[in-house]
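Visitor: I am new to this structure, and I would like to learn how to read its features one at a time.
Guide: Then let us look at it together.

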Amino acid sequence: MAQTLLAFLLVNSSAKGPNLVFRWPPNPQTTSRLSRPLPHEDRLELDNPWRAANHNDSPQISVEASGEAMATAAEDYQWKSPSVIRDRSRSFPRSGSLPTSAVNALPEEHFFDDEELAEDPTDEYHRIFDYSTQFLAGMLCPKTSLCHQKFDLVIDNLLFIGHPVCIEDGGHWQFKRDKSSSGSRGRSSVNHESMDDIKSDTSIRAYSPTGKNENSWLHMFHFVLVLDLPDPSSSASGNISKYFDTIYKQIAFTITAVLFQEQVLSNFVELECDVLGSLEAEYIAKGEPFSAFMSQALQISSVASAMKALFDAIKSSTMAYITLNDIPLELQLPPFLDHLLHGEEEHELDFVDHQEDEDEARVWGCDLSLGWRLPSLAPWKSLLLLEGDQELDPYINLRGPHVRPDEREHAEGLIRFLETASVTLSLSDMANLLEWDLETQIYPTVRWLVHHRRAKVVDTIHLGLKTIFTIPPIFDAPLSTLSAEFKRDFPQPEIPPLPSLLASISEASSRQSDNHFFAVVVRSKELIPLYHEVVIWLLKRDMLYTLHLRIRIVATAELKARVRRAHERKLERSMGQRRQDRVGSGLRPRDQDPAFYEVNARRPGSTWFPLSPRGVHPFSRRMPSAESESGRTNETSLSHVDEDDEEAITDESDDGNIAWGSPENTLCPSLISDPGTASPLERKWLAAMSEGKDEHIARRFEQINQYFDGKSTDDEILHRAEISRKQLREVLHHYDEYLQTFLHPA
């Protein structure tokens, strides 16, 4: 819900002046900027123990004086809107018997003070937020040069957002031509949005008005959202601007675009203003209460009923299904938009990490990136269809007669998609069954359904309900209410009460085995279809989270010691073979192989440097090439390796790149944080883990260990590696001593 939304206003302007045509709710109230308790009537200050204890010792005063002092203190103590306490010097016309559109036509003798206006019984018609409706209408009807662009105005603690539109200079309503090719210079603004975006192909040219549109009395209209200005310190300034910009784009601009189109094409807004203005004048003349006028206006005006339905839907954080001149609209605000106004610590407890990075924003699109907190859209995810509104079903548009023949095939494909969707099928499986492309067909359909709240992305559920669940820390509704609904929907004796069911699920998540839903709750294959409905019921109300297996690789101390010993033995064999070769050739060690000095230089107390440049030249001439040295080393080492030696450890080709003296080469157990980008030493450890394993098991471990980073879920591993769950379990079993597994929501 948009907690700052206070009211909707429809304002127009004509030759008679500005006028507030309609508003909803009838009597909106601002929120207090400061909340504190009023003093007690007997003047006891209970927050001060000393004053409370010595109250009887204070001098007595008369009851009348005490009452007057108390009233004065309470009046100063209680917060009031600045618009109430300001000194008003303006006078307003007495309009108790006339609509506000006729105010400017009255002579000066009909003007009177605000105090007299406040005593008028018909004041409710012409007062809102402690302002005169004429005053607000005048403020909300800007100059012509400020129309057809974003409008925002701050008065006291109220923010007014809209998109005013006006009549053209020729005296008729028409679509504005695109000015992008006019070559105008200067700084452009993102707030200057054009109504051309809502024009159809038949209305690209300027509309030629006929009939009433040629002599239209309506000069301007403005659909305004009134918002309570939040405390700037409650969140970052950038979030506040995003918050208001989202409300403007999703609500104010969309409603204005449709109204402007219908005014150009059929004079719709002017006719609605005529109906509401005449009704208001009639009820004022009869002395009817303002509430009676509002009730009747909702029955005869589609604009009035649409404003009410839209306001109620936004405040309840639901989808608004409204109709303007027989045009159906579906409007909403992001469900978590209000979180932009609060700090991170004020959010509800939620241990599911909803990623909102750039990649996720690109996959979901700009319309679903801010304030939605959606899970990742991935091939291994599934889709849960939600029930729609019973009064206005958007799916009926797919079968309506207005669908063009070239769109009929797409409509039928969408219906087939809806019939195929199931929580037991991943999006990748659905793409294969429908023979659709995942990126260009499946994902756009999912985005459309999620945006219109017809579906939600969930984790794929095992067909036999062998899925591990847990429950969230809080529910969206009281448990008593949810239990009553659950008992009404599932009266079967096989289904336990909701509290018992949730307790079983919560307790099972801490088990080491037999912790899935079938083993804990179902226990019978005959009950699987019934419990499928139970799981779907819980998922729709966000009462279940799927726990996923995540895996990390641990390099144990024994593994590290084994790799180090193998390296030391290899180094000793290499050095021993070099000594034998030198003795056999009759050359001194330093004349035979310059690597002799490199090896001995690493030993404590042994250093060597050429004493003169003359000694360097024979050294460089006798230096063997890297290829010959490498070949000789491999040849001698292979000749001395026993069959039982750790050949899997010592035959790595990147020994020269391994930093054996680095801090990571310790004998303490450590995690390999990202096996996909492992260092040479970590690759040594990974290779040593496969020693003694079957060849196909070792090959599969080498294939999938890049996903053992603690971030990839088991569903993601199965999809990316294209292996079965049985094959994954087989790898986990053989490498159990080197793996750390844990369960966590996606």
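Predicted model: local features only at pLDDT ≥ 70, side-chain atom pairs only at ≥ 80, totals over all residues.

Visitor: How should I read a strand, and which strands pair with strand 1?
Guide: In a regular strand the side chains alternate between the two faces of the sheet. Here, strand 1, residues 5-14, pairs in the antiparallel sense with strand 10, residues 220-228, over eight bridges, and in the antiparallel sense with strand 2, residues 17-24, over seven bridges. Individual bridges can be followed too: Leu 10 has Phe 223 of strand 10 as its bridge partner, while Val 11 stands opposite Leu 20 in strand 2.

Visitor: Which residues touch the most other members of the largest nonpolar core?
Guide: That core has 60 residues, and the ones touching the most other members are Phe 8, Phe 22, Ile 251, Ile 255 and Leu 310. Helix 6, residues 237-266, gives the most to this core, with 13 residues. Phe 8 has contacts that include Phe 22, Phe 223, Ile 251 and Leu 310, leaving aside residues up to four places away in sequence. There is also a second, separate core of 31 residues, which includes Val 521, Val 522, Leu 538 and Leu 544.

Visitor: Where does Tyr 531 lie, and is it buried or exposed?
Guide: Tyr 531 lies in helix 17, residues 528-540. Its relative accessible area is 2%, under the 20% limit, and therefore Tyr 531 counts as buried. Among the residues that Tyr 531 touches, not counting those up to four places away in sequence, are Leu 465, Glu 494, Pro 496, Phe 517 and Val 521. The C-alpha atoms of Tyr 531 and Val 521 are separated by 8.8 Å, with the two residues 10 apart along the chain.

Visitor: How should I look for disulfides, and how many are there?
Guide: A disulfide is a covalent bond between the sulfur atoms of two cysteines. In this model the count comes to zero. For Cys 166, the nearest cysteine sulfur is that of Cys 147, 3.8 Å away; a disulfide requires sulfur atoms within 2.5 Å, so Cys 166 is in no disulfide. Cys 166 is buried, with a relative accessible area of 6%, and Cys 273 also counts as buried, at 5% relative accessibility.

Terms used
Residues numbered from 1 in each chain as written. Heavy atoms only, no water. Helix = DSSP H or I, 4+ residues; strand = E, 2+ residues; numbered from the N terminus. Buried < 20%, exposed > 50% of the residue type's maximum accessible area, 1.4 Å probe, protein only. Contact = heavy atoms within 4.5 Å. Pairing = 2+ DSSP bridges. Core = buried A, V, L, I, M, F, W, Y, C linked by side-chain atoms within 4.5 Å.
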